[in-house]
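Subject: Structure handover

Hello,

Here is the structure I am passing on to you. Please open it next to this email and follow along.

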Amino acid sequence: IIVVLIASFGLVGCSKEGASTVKVLKVGTDAGFAPFEFQDEKSKEYVGFDMDLIKALGKQMGYEVQIQNMNFDGLIPGLEVNSIDAVASGMTITEARKQKVNFTKPYYQAGLTIVVKNDNNAIKNFKDLEGKKIAVQIGTTGAAEAKKIKDAQVREFNNAPEAFMELKAGGVDAVVNDKPVNEYYIAQSGSKDAKTVGEPLQAEEYGIAVAKKNTELAGKLDKALDELKKNGEYEKIYVKWFGK
Ligand code: ARG
């Protein structure tokens with residue numbers, strides 16, 4: 001009896017303490033978007049600019065960050081049903097998304113560019129994509145922009161790596177996707193089979209998204225972001241993934 005008493009006492013004590021000291025921030029991401037979020041082959045951990053940033057933000061706010069890898073088009077629905085608290089996934093702040101979720105202040109400047117095979121000299125800009133076959137990731141700004149191109153056949157893939165594979169396999173003429181991700185992909189693949197072309201279509205800014213009603217969390221994240229910018233932590237993370 002004594003043993004049972006001590007054991008259960010211990011458990012109660014533990015769980016109570018655990019609940020009061022560690023707040024958990026459940027963060028959704030689509031981890032096929034290097035260098036922002038991807039799975040490290042060896043450690044199996046989710047790494048990248050966004051992952052470092054959200055962990056630093058969580059630490060600043062006193063939260064333990066738990067990453068959930070999911071499809072990009074499931075992230076906003078995940079916020080809406082509260083299965084995740086925040087999205088850190090290279091998500092562009094758009095008017096359409098602002099109807100559904102709250103964004104923090106922008107934390108990264110991006111834009112869309114085109115990836116073609118190295119030997120393709122016909123496609124040099126967005127105008128040249130008219131009537132062409134284009135691969136994109138479903139639910140992205142790249143998908144939305146590609147669909148506006150006259151007579152283009154847009155093929156949507158679950159993730160960006162699949163869109164790049166389709167280009168490599170010759171199934172499409174081009175991929176429309178975020179500039180920093182395109183550049184990282186080409187640098188990784190040794191720039192032998194693909195290249196980026198085109199001026200960034202428009203400026204896009206990434207924000208961390210939270211549920212529409214969760215203005216408190218958005219405010220805390222904004223404050224923490226300001227602090228990381230002030231104390232040099234943001235800069236450190238930026239330089240780690242993008243250089244100077
Ligand atoms: N910035 C683009 C958008 O918001 C693409 C983001 C894709 N992110 C990802 N982790 N796959 O639509």
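First, a definition for what follows: buried means under 20% relative accessible area, exposed means over 50%, and partly exposed lies in between. Glu156 has 36% relative accessibility, so Glu156 counts as partly exposed. Keep in mind that this is a predicted model.

Salt bridges

How many salt bridges does a search of the whole structure find? The search finds twelve. Side chains of opposite charge can pair when their charged atoms come close.

Start with Glu156. Its side chain meets that of Lys147 in a salt bridge, at 3.2 Å from N to O. Lys147 has a relative accessible area of 51%, so Lys147 is exposed. Glu156, as said, is partly exposed.

Next comes Glu145 with Lys148. These two form a salt bridge whose closest N and O atoms are 2.9 Å apart. Are the two partners buried or exposed? Glu145 is at 14% relative accessibility and counts as buried. Lys148 is at 62% and counts as exposed.

Lys236 counts as exposed, at 58% relative accessibility. Glu233 is partly exposed, with a relative accessible area of 29%.

The ligand

Now look at the ligand. Which residues are closest to it? They are Asp30, Thr92, Arg97, Thr141 and Asp178, and 14 residues surround the ligand in total.

Arg97 has a polar side-chain atom 2.7 Å from an oxygen atom of the ligand. In the side chain of Ser89, an N or O atom is 2.8 Å from a nitrogen atom of the ligand. Gln137 places a polar side-chain atom 3.0 Å from a ligand nitrogen. How much of the ligand does the protein cover? On its own, the ligand has 350 Å² of accessible area, and the protein covers 100% of that.

Strands around β1

Strand β1 spans residues 23-29. It pairs in the parallel sense with strand β5, residues 63-69, over seven bridges. Within that pairing, Val27 has Ile67 of β5 as its bridge partner. β1 also pairs with strand β6, residues 86-87. This pairing is parallel too, over two bridges. Here Gly28 stands opposite Val87 in β6.

Strands around β11

Strand β11 holds residues 174-178. It is mostly covered: five of its five residues are buried. β11 pairs with β8 in the antiparallel sense, over four bridges. Ile134 has Ala174 in β11 as its bridge partner.

Is Thr113 buried or exposed? Its relative accessible area is 3%, so Thr113 is buried. The side chain of Thr113 makes a polar contact with the side chain of Asn182, at 2.8 Å. Leaving out residues up to four places away in sequence, Thr113 touches several others, among them Phe126, Val175, Val176, Asn177, Thr196 and Pro200.

A three-stranded sheet

Last, find the open sheet. Three strands form it, in the order β2-β3-β4, with antiparallel pairing. Gln39 stands opposite Tyr46 in β4.

That is the handover.

Best regards

Conventions:
Residues are numbered from 1 along each chain as its sequence is written. This is a predicted model: local features need pLDDT of at least 70, side-chain atom pairs count only at pLDDT 80 or more; totals for chains, interfaces and linings use all residues. Side-chain values use heavy atoms; hydrogens and water are left out. Two strands pair if DSSP finds at least two bridges between them. A salt bridge is a side-chain nitrogen of Lys or Arg within 4 Å of a carboxyl oxygen of Asp or Glu. Buried means under 20% relative accessible area, exposed over 50%, partly exposed in between (1.4 Å probe, protein chains only). A residue is near a molecule or strand if one of its heavy atoms lies within 4 Å of it. A polar contact is a pair of N or O atoms within 3.5 Å; within protein, one must be able to donate a hydrogen and the other to accept it, and residues adjacent in sequence count only if both atoms are side-chain atoms. Accessible areas come from the Shrake-Rupley method with a 1.4 Å probe; for residues, only the protein chains shown count as cover. Contact means heavy atoms within 4.5 Å.
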